[in-house]
Amino acid sequence: MIFSRNGFGDAEAAALECVEYYEGEPLSYMTVTAIAALRGLAAIAPVIPTTTRTIEQFQRITLPGAPWRYAITSNGGNILVDGIPDPAWRVAIDDQVNASGATLAEVGAELRSRVDDSWVTKYREADELFCYLVVHPDLVPAGFLAEWDAWCRANGWSASQQGRKIYTMPDAVCKSLAVADVRRRLVESGELSAVATLFTAGDGALDAEMLKAADAAIRPRHGELEELNFTAPNLTITTSSGILAGEEILGWFHAAAERTTVPA
């Protein structure tokens with residue numbers, strides 16, 4: 001639902017609003033229709049922003065519908081409660097990562113030994129949880145991702161590519177687990193009915209488990225999951241792609257909310 005302005009014509013750009021600045025420059029946009037739809041959705045249902053972005057990256061977005069009671073960042077590695085990271089959740093995640101396989105330091109060292117500057121522009125570690133490469137997609141060596149993923153899976157991690165980024169993620173860091181925990185908290189606090197329906201959306205391989213875990217889910221006709229031809233019994237695929245898919249997804253959420261008395 002949030003896109004770079006690159007590739008939009010003047011007419012399309014006129015209907016966009018900037019929702020993210022980086023180093024003082026506009027970076028990401030939403031359509032005015034999507035902005036109104038997300039703000040309206042947040043007024044009638046619990047909406048949980050869920051992203052692979054780090055805490056810092058998420059906080060620089062002016063996302064319509066804020067403030068958020070809960071938000072999930074770092075691919076599920078952090079749960080923000082009223083904007084503050086929950087330390088108990090993070091300690092539990094760190095314990096699971098440490099017990100289930102290689103450490104971030106070990107994974108990072110192995111990954112850096114396999115790459116070079118001819119096709120990698122950046123290596124980054126995110127919130128001391130996982131790492132990723134920024135690459136030239138056309139220059140990634142054939143077979144690299146599959147070979148790297150195989151090494152990772154033998155050590156409690158996995159690898160996936162989304163556009164210019166190749167993520168390396170510990171198995172314990174998963175959006176679906178964090179979403180389930182936030183749902184539990186909302187039910188226990190009485191903010192959500194125990195029979196409330198869960199709806200999710202996502203476009204990357206790191207979203208797949210979250211989509212499958214939902215009562216109903218939707219993905220756009222673009223992105224990594226489209227390239228993988230990902231589907232599931234509970235999954236709807238948009239007819240649109242690109243920024244218009246964002247509007248379609250929000251329309252789907254609104255329709256789903258209208259069909260249920262206590263949507264999530």
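Visitor: Which residue is the bridge partner of Thr-73 in E4?
Guide: Asn-78 is the partner of Thr-73. Keep in mind that this model is predicted.

Visitor: What makes E3 and E4 a pair?
Guide: Pairing takes at least two bridges between the strands. E3 and E4, residues 78-81, have 4 bridges, in the antiparallel sense. Therefore they count as paired.

Visitor: What is the strand order of the open sheet?
Guide: The order is E3-E4-E5, 3 strands with antiparallel pairing.

Visitor: Why are E3 and E5 called edge strands?
Guide: E3 (70-73) and E5 (84-85) each pair on one side only.

Visitor: Which strands does helix H7 touch?
Guide: H7, residues 175-188, packs on the sheet and touches E3 and E4. Its direction makes about 165° with that of E3.

Visitor: Why are H2 and H10 called roughly parallel?
Guide: H2 (residues 32-44) and H10 (residues 243-259) pack at about 25°, with axes 9 Å apart. The cut-off is under 35 degrees. Therefore the two helices are roughly parallel to each other.

Visitor: Is their crossing left-handed or right-handed?
Guide: The crossing of H2 and H10 is left-handed.

Visitor: Which residues make the contact?
Guide: H2 contributes Thr-33, Ala-34, Ala-37, Leu-38, Gly-40, Leu-41 and Ile-44. From H10 come Glu-247, Leu-250, Phe-253, His-254 and Ala-257.

Visitor: How many residues of this contact are nonpolar, polar and charged?
Guide: The contact of H2 with H10 has 8 nonpolar, 3 polar and 1 charged. Gly counts as polar.

Conventions
Residues numbered from 1 in each chain as written. Predicted model: local features only at pLDDT ≥ 70, side-chain atom pairs only at ≥ 80, totals over all residues. Heavy atoms only, no water. Contact = heavy atoms within 4.5 Å. Axes fitted to C-alpha atoms, helices over the stretch in contact; angles between N-to-C directions. Parallel < 35°, antiparallel > 145°, perpendicular 65-115°, else oblique. Left-handed = near helix turned anticlockwise from the far one by under 90°.
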